[in-house]
Amino acid sequence: MSRLVGGCRDQKMDIAILADVSKSMTPEERSDQIKLINKLVEKKGVSFSGNHFAFMTFAKEVIIESNFNDQSYYEEGKLKDLVQEKSSVIPKFWGTRIDLAMDLAAKELFSEQGGDRPDAKNVLVMFTDGKPVKTKWDERPDIPFEDFLEALESKDVSVIVVAVGEKLFQEKTTMSKIAGTPKGELLLYPNFDDLPGHLDDIVKATCGKCPDQKMDIAILADVSKSMDRRQRSKKIELINEILEKKGVSSSGNHFALVTFAKEVVIESNFNDQSYFEENKLKDLVQEKLNVIPKFWGTRTDLAMDLVARELFTEQGGDRSNAENFIIMFTDGKPFKSKWDERPDIPFEDSLEVLKLPNQVKILLLFSLLQVIDGGYTEWSESECSVSCGEGKKTLTRTCTNPPPFNGGKDCSELGPAKKTVKCNEGLCREYSSSSFKKDSSVTTSELKNKISEICFILRPHLYITSLFHLILSFEKDVSTVAVGIGKNVQKETLRQIAGGGSVVEVDDFDKLKGTIEEIKSKACSGDCHDQILDIAILADVSRSMNFRQRRAKIKLIDDLVEKKGVSPSGNHFALITFAKDVIIESDFNNKSNYEEDKLKHFVQKTVYVKPKAWGTRTDLAMDLAAKELFTEQRGDRPGAKNIIILFTDGKPFKSRRDKRRVIPFKDSIKVLESKGVSIIVVGVGRNVFRAKRNMYEMAGERGKVLLYPSFDDLPGHLDDIVKATCGKLSLLNCFIFRCV
């Protein structure tokens, strides 16, 4: 007698089991996982000429414990012992590198060397209790899901992800990406205790569309007025996914469709040959589920009764040799309006009819279809930025009350997650110069507090407060300037405050503004004239940039070229433009651009070109610079300091028509840092402050980020960029001191 397992009779399989053994799993969870894998082995069977199993474990590290070639594990008992032994090992380090596990399976397991047989069906079953986790100590790059799924798909590997844990329902999007749905299969269960009862789900998933299994499947779809457009769309998407997975044909699976609200309608039965084609059946589902009924009501009881009496019958097309299923989709409990005088029909009556003689199996999908919009938590607030006077504090909240689920909206329409408000801590005291006499016992901490209070007395002078804010942000590698305001300022006191820095004296506040340039000149180091540089300009030329912005960017690049200088034996410039596509317009070898005027003309001609397609592939620009520009072939000189200056007006953007994978910035940065390239990111526009995190990702930990609100601000900040090219960015750290 042929073996029937999950509907796939006599199907020879190579099944790879990928078992999560992360430190997050408890002994009980490990035990339940081992039992389930062993039952799967029993159910599917293993033998030399039949099914072969390979076994992998993954946590921070990934290990192929056995491959398809390992004949020791063609015996069920020995294979179970291996699973028991390896799954019980608790790793030393935290981490769940699902990406590395899938990548290793694709490259090494499903290969001729790994024992993969050309005539066997390939299946990968992954068991995990959480989404991928990479610790900060793990420096191996992330592998995009698309890469290993493409490799597995090319080898006709069916992917099944068995994800266990309540939190994973909130991570359904991530888990679906790992499985590669709709081609792959994602099975979500709230806890390990539920797993044994769902063994058949997993076994059947290994069969794909189960060509040898005939089913009559009734879809009962709730179309009540209470369902909004998004919920209907989600339901249609899910039903279509079932049709694709199970398959439909005249000799295979048949589907019937019933819709219910206040009224119940059999839209098609099992006899309806028009819907033995997948596309026509999908069109029917699309059409009928988008109809909004006139009246309120959810008569689930009438739907079940109608299906029991009319659908699973000879007249309804029910086949005696097919397995019978009902899959019901609903967004809530039954509801009968007060105008509906039809009696309630007990579900027990319908279920009794369905049990005999048809043995109809019923699957109720309720919570799976609930679309939950995200909501904000209450505001939490930071401390006031000052100890006296008027300052600012930050209010933050998170979109976790509840978190968005199953395609629900995020909180972007509910307002910002972060905002800054004013706070007032009362009047500040004023201090005389005697407070800072040399023989005073004032500590450094007290001194800073007093300076803080004094600084905010001067709050109307915004240029002063902006200088003071740098004190709070930068503690080292900065210049210190003490500014004394008033005729009674004591020079000795100013020198004490400045330490090894400089002193500036101003008679009164009216003259302070004219002294700012003097303060800057004493605080900042000059340009690095004696340093030979290879400078790569990466210019964002996306369609989002208008003519005025392009002109301002060109002007800044021209000013930078003038300031730094260019010559055959001095500084060399290269230019890369990027939008959807990335182009090396000129490399370091281009001798025609060793002349300032020719280089400026070239920049103007190139940056003014507006691309045809939308996109801002900053990642590809960085990757191209790392791999091709800073090379000997492209003119990179071993004796020159290497610099990238990236100008952009927003975060990276990839259009949906762009099929090229996203390249993590850290991959490019790693290559650039190995070549001694310093990275400076100049972000311009209102959007760059919202995309601040992206800007810092582009620059890396050792790079520098300069953000400006508009292109009109750029010319006045040329010195910032010039100084950044010298290595250490000299920032202005200014102690402001007032004597009364």
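A salt bridge is taken here as a side-chain nitrogen of Lys or Arg within 4 Å of a carboxyl oxygen of Asp or Glu. By that criterion, a search of the whole structure finds 40 salt bridges. The structure is a predicted model, in which local features need pLDDT of at least 70 and side-chain atom pairs count only at pLDDT 80 or more, while totals for chains, interfaces and linings use all residues. Residues are numbered from 1 along each chain as its sequence is written, and side-chain values use heavy atoms, with hydrogens and water left out.

Side chains of opposite charge can pair when their charged atoms come close. Helices (H or I, at least four residues) and strands (E, at least two) are DSSP runs, numbered from the N terminus. Lys282 is buried, at a relative accessible area of 16%, whereas Glu244 is partly exposed, at 29% relative accessibility. Here buried means under 20% relative accessible area, exposed over 50%, and partly exposed in between (1.4 Å probe, protein chains only).

Arg617 and Asp658 also meet in a salt bridge, again given as 2.8 Å, N to O. This pair links distant parts of the chain, 41 residues apart: Arg617 sits in the loop between helix H16 (596-607) and helix H17 (618-629), and Asp658 in the loop between strand S20 (641-648) and helix H18 (665-674). Arg617 is buried, with a relative accessible area of 1%, and Asp658 is buried too, with 5%. Elsewhere, salt bridges with shared partners join Glu61, Arg97, Asp99, Lys134, Asp138, Arg140, Asp142 and Lys666 into one network. Within this group, the side chains of Asp99 and Arg97 meet at 2.8 Å, N to O, and both residues are buried.

The nonpolar cores come next. In soluble globular proteins, nonpolar side chains tend to be buried together. A nonpolar core is a set of buried Ala, Val, Leu, Ile, Met, Phe, Trp, Tyr and Cys residues joined through side-chain atoms within 4.5 Å. The largest one has 33 residues, of which Ile537, Ile645, Phe647, Val682 and Ile721 touch the most other members. Elements giving two or more residues to this core include strand S17 (533-540), helix H15 (547-564), strand S21 (677-684) and strand S22 (704-708). H15 supplies the largest share, six residues. Ile645 is in contact (heavy atoms within 4.5 Å) with residues including Ile537, Leu560, Val682 and Ile721, not counting residues up to four places away in sequence.

S22 is itself largely enclosed by the rest of the structure, because five of its five residues are buried. Lys704, Leu706 and Tyr708 point one way from the strand, and Val705 and Leu707 the other way. S21 and S22 pair in the parallel sense over five bridges; two strands count as paired if DSSP finds at least two bridges between them. Val684 stands opposite Tyr708 in S22.

A separate core of 32 residues includes Val62, Phe148, Leu149 and Val161. Strand S3 (residues 62-66) runs antiparallel to strand S2 (residues 52-58), joined by four bridges. A hairpin through three residues connects S2 to S3, and Thr57 has Ile63 of S3 as its bridge partner.
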